[in-house]
Amino acid sequence: PLSPVIAIDGPSASGKGSVAERVATHFGFHYLDSGAIYRLLAYAAAQQAVAWSNADALADIATQMQIKFEHGQAYLNGEQVSHHIRTEEMGKGASEVAVHPAVRTALLQTQRNFRQAPGLVGDGRDIGSVIFPDAGLKIFLTAAVETRAKRRYDQLIQRGDHADYALILADLQQRDLRDSQRAVAPLKQLPDAVLLDTTDINIEQAVNIIIEAFKKAA
Ligand code: C5P
């Protein structure tokens, strides 16, 4: 039988990553950070001077690149590139490469391969709609865009990076638009997904709500 899946989809900076990782740890499940795969592709393309608009070349790179996640670190062709893909620039690149249907098709099986015993928590934009439509629990994790911008801002400052709140907010609004209006696998709340708005609750609370919902669904 197929292992259970918890799908957590939502907009950028909604806290999906932290929440999904903690839920996975709680159940001893594997974790799929699908956004990181699109970021790795954007980074690989930039390394090879391939434009983020070049769908065919991107699909080729997507088929050939070797990716690995270990202890929270991301590897591209054997090289640890975590800090290279966590930048705002690669977030933008990821959302540009992700609009191409050929790219999404090329990365479909890569993502499905993460489904292994005893289970998987996956986060992204289309985990519940396209990658694992049979997921036992689907969550739409969101928060007001100003709240998400503030969280991203705090995160960058804490890291010691430079951050400009107005720029981050404008960038998030643009990415929300691109992610929800694209033709293929747009970000949207599914009818069978549980809406979880974290504007007024913290990560711990969101994690507990998902854990309880999964226990009930199982
Ligand atoms: O979640 P994260 O911000 O790392 O994702 C980066 C970009 O990758 C998103 O803005 C989105 O365009 C794209 N993405 C996607 N489908 C997914 C995950 C991410 O299109 N399942």
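Predicted model: local features only at pLDDT ≥ 70, side-chain atom pairs only at ≥ 80, totals over all residues.

User: OK, which helix gives the largest share of the shell around the ligand?

Analyst: That's α2, with 4 residues. α2 covers 34-47, and α5 (88-97) and α10 (165-181) also supply at least two shell residues each.

User: How many residues surround the ligand, and which are the closest?

Analyst: There are 16, and the closest are Arg-39, Arg-104, Asp-126, Asp-179 and Arg-182. By class, the shell has 8 charged, 5 polar and 3 nonpolar residues.

User: What lies 2.8 Å from an oxygen atom of the ligand?

Analyst: A polar side-chain atom of Arg-104. Arg-175 also puts a polar side-chain atom 3.2 Å from a ligand oxygen. With Arg-125 it's a backbone N or O atom, 3.1 Å from a ligand nitrogen.

User: And how much of the ligand's accessible area does the protein cover?

Analyst: 97% of the 450 Å² that the ligand has on its own.

User: Switching to the fold: what's the strand order in the sheet?

Analyst: It's an open sheet of 5 strands, β2-β6-β1-β7-β8, with parallel pairing. The edges are β2 (30-33) and β8 (194-197), and the twist averages 20° from one strand to the next.

User: Which strands does α2 touch?

Analyst: α2 packs on the sheet against β2 and β6 (120-124), at about 45° to the direction of β2. Helix α11 (residues 203-217) packs on the sheet too, touching β1, β7 and β8, and its direction makes about 160° with that of β7.

Conventions:
Residues numbered from 1 in each chain as written. Heavy atoms only, no water. Near = heavy atom within 4 Å. Polar contact = N/O pair within 3.5 Å; in protein donor to acceptor, adjacent residues only side chain to side chain. Areas by Shrake-Rupley, 256 points an atom, 1.4 Å probe, with all protein chains shown as cover. Nonpolar A, V, L, I, M, F, W, Y, C, P; charged D, E, K, R; others polar. Pairing = 2+ DSSP bridges. Axes fitted to C-alpha atoms, helices over the stretch in contact; angles between N-to-C directions. Contact = heavy atoms within 4.5 Å.
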